[in-house]
Amino acid sequence: MDVINPATGEVIEKFVTDTPQTIEEKYQEARAAQPEWGALMVSERVEYIAKFRELMKRDLDTLALDLTKETGKPLQQSKNEVLGGINKLKFFLEKSEEYLSAEKVNEDGNTEEFLAYDPLGVIANISAWNYPYLVGINIFVPALICGNAVMYKPSEFSMLTGRHITRLLHEAGIPEDIFVPVYGDGSVGALLTALPLDGYFFTGSYPTGKKIAEAVAGKLVPVGLELGGKDPLYVTEDISDIEAVADAVAEGVLYNNGQSCCSVERVYVHDDIFDEFITQLKKKMSAWKVGNPMDESTMCGAITRRSHLDYMKAQIEDAKAKGAKVLLGGKIIEGKGNFFEPTLLINVDHEMDVMIEETFGPVIGVMRVESDEEAIELMNDTDFGLTSSVYCADEERGEEILSQIHSGTGYLNCCDRVSGYLPWSGRGRSGLGSTLSKHGLYAFCNPKGLHIRL
Ligand code: NDP
């Protein structure tokens, strides 16, 4: 399978992909190896992840370079991603032993009652390309720490990174039959769903997530889905610094070319400040330089998948046909590579795909609202529920608004951020279950009750 640089269209590497036979062999090896790995102490498995973290630091520049080559992510953002992964690992290193140790929770006469945790066994980690380090770490790290073997399928658009992750985990000492990569496209992912695995953990789009959940439903094993979003952001009229908020919103929309599950996907602005806010947002978005992702000054690199250019174009055409006005951008940039103009739309409404369906690109619609009630109603008018943001000077008012929004994460005066210490979860079409925090560790274990009478 070819690895294509989306900024140039050139084939930069070829991969040998897995077949049903190689996948079956890898599965048998992982199944045989898992009990020994699962019998280690949590602290021993954490030690391997600590080594992996040191190796990520050692290879930072190479990892960032290859990530940029295969996804088109600006080099600076690729470095940020690897550093973000290194930072996120801190949570697992600090907290895993505390959360996974057996705990005496009660005494009943002469019986002591303990809560303990068993690994699930052999699990699948079917991963996405947009933040392959960050979304991968959410799954394979806690899965390994909990004592599971992991069959890991990187996206076909981030196989160089998948190979680096594998190399570094093995170099850290994690056995080759405990962290097992499988390479190929979606059909290879589908082959994993046919295996008798003990858990399926998927990061990607709602349609694929639904397909996977349906395919494995009869196995009655845990399924975790981290899916897409249509994340709203509301700006109230009391904010003191409109320019600073517009700057933050531009970053929430355009970072990683808008190809983030928690990108800001729709904006609501109070009528009193709408015009000034739009002037500032247009100025800020115009400053995001599009170009060669290898250039350190580039802020918007290439769009990773070529087919996505037409998808975004169609959303904009649909919005224009229904009355939207394009204030900035709106077009595919012709020439070599997959580039799209940062795009700002106004006069938008919820009849338009751009305000309802995930865009996953550098495109934003901004809508005028008259009140918090109207903003809340519109923010909740979605099938998704990953993150929501409110920019508001009054903390009590901001928190009250957030409490009424159906999403797994709420942000006040910030957006587009993830912490290892907090659960990452989606409502509705944004997913099932949770990663990160203690919930993201327990997702990879079976709880066990032990009644000990001596
Ligand atoms: P896809 O759903 O297209 O693919 C995700 C993974 O599933 C890839 O490895 C893909 O392989 C594989 N796959 C495709 N078809 C099947 C199948 N039938 N059976 C098993 N596996 C399959 O997602 P995208 O790559 O387009 O990722 C972008 C999406 O991911 C966006 O919706 C984004 O919001 C979401 N996302 C959610 C996150 C979250 O934390 N909630 C984080 C990051 C992204 P291949 O790529 O090789 O075809």
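The following legends describe close-up views of a predicted model.

View 1. The domain assignment divides the protein into domain 1 (2-227 + 430-453) and domain 2 (232-412). To the contact, domain 1 contributes 23 residues and domain 2 contributes 25 residues. The C-alpha centres of domain 1 and domain 2 are 31 Å apart. The size of an interface is often expressed as the accessible area that is lost when the parts come together. Between domain 1 and domain 2, the buried area is about 2100 Å², and carbon and sulfur atoms account for 55% of this area. On the domain 1 side, Gln77, Trp129 and Ser430 lose the most area to domain 2, and together they make up 26% of what that side buries.

**View 2. Salt bridges in the structure and between its domains.** In total, the structure contains 29 salt bridges. Between domain 1 and domain 2, the count is one salt bridge. A further pair to examine is Lys79 and Glu296, whose side chains form a salt bridge with an N to O distance of 3.3 Å.

View 3. The side chains of Lys57 and Glu54 form a salt bridge, with 3.4 Å from N to O. Lys57 and Glu54 are three residues apart in helix 2 (residues 42-58), so about one helical turn separates them. Lys57 is partly exposed, at a relative accessible area of 40%. Glu54 is also partly exposed, with 44% relative accessibility.

View 4. Lys69 is paired with Asp66 in a salt bridge whose closest N and O atoms are 3.6 Å apart. Because Lys69 and Asp66 are three residues apart in helix 3 (residues 60-71), they are separated by about one helical turn. Lys69 has a relative accessibility of 28% and counts as partly exposed, whereas Asp66 is buried, with a relative accessible area of 14%.

View 5. The side chains of Asp59 and Arg58 meet in a salt bridge of 2.9 Å, from N to O. Asp59 is buried, as its relative accessible area is 11%. Arg58, at 48% relative accessibility, is partly exposed.

**View 6. A nonpolar patch on the surface.** Leu450, Ile452 and Leu454 make up this patch, and their accessible area together is about 300 Å². Ile452 belongs to strand 22 (residues 445-453). With a relative accessible area of 31%, Ile452 is partly exposed. Residues in such patches must have over 30% relative accessible area.

Key: Residues numbered from 1 in each chain as written. Predicted model: local features only at pLDDT ≥ 70, side-chain atom pairs only at ≥ 80, totals over all residues. Heavy atoms only, no water. Patch = residues over 30% accessible without salt bridge, like charges linked within 9 Å, V, L, I, M, F, W, Y side chains within 5 Å. Areas by Shrake-Rupley, 256 points an atom, 1.4 Å probe, with all protein chains shown as cover. Salt bridge = Lys/Arg side-chain N within 4 Å of Asp/Glu carboxyl O. Helix = DSSP H or I, 4+ residues; strand = E, 2+ residues; numbered from the N terminus. Buried < 20%, exposed > 50% of the residue type's maximum accessible area, 1.4 Å probe, protein only. Domains from an automatic or database assignment. Contact = heavy atoms within 4.5 Å. Buried area = accessible area lost by both parts, 1.4 Å probe.
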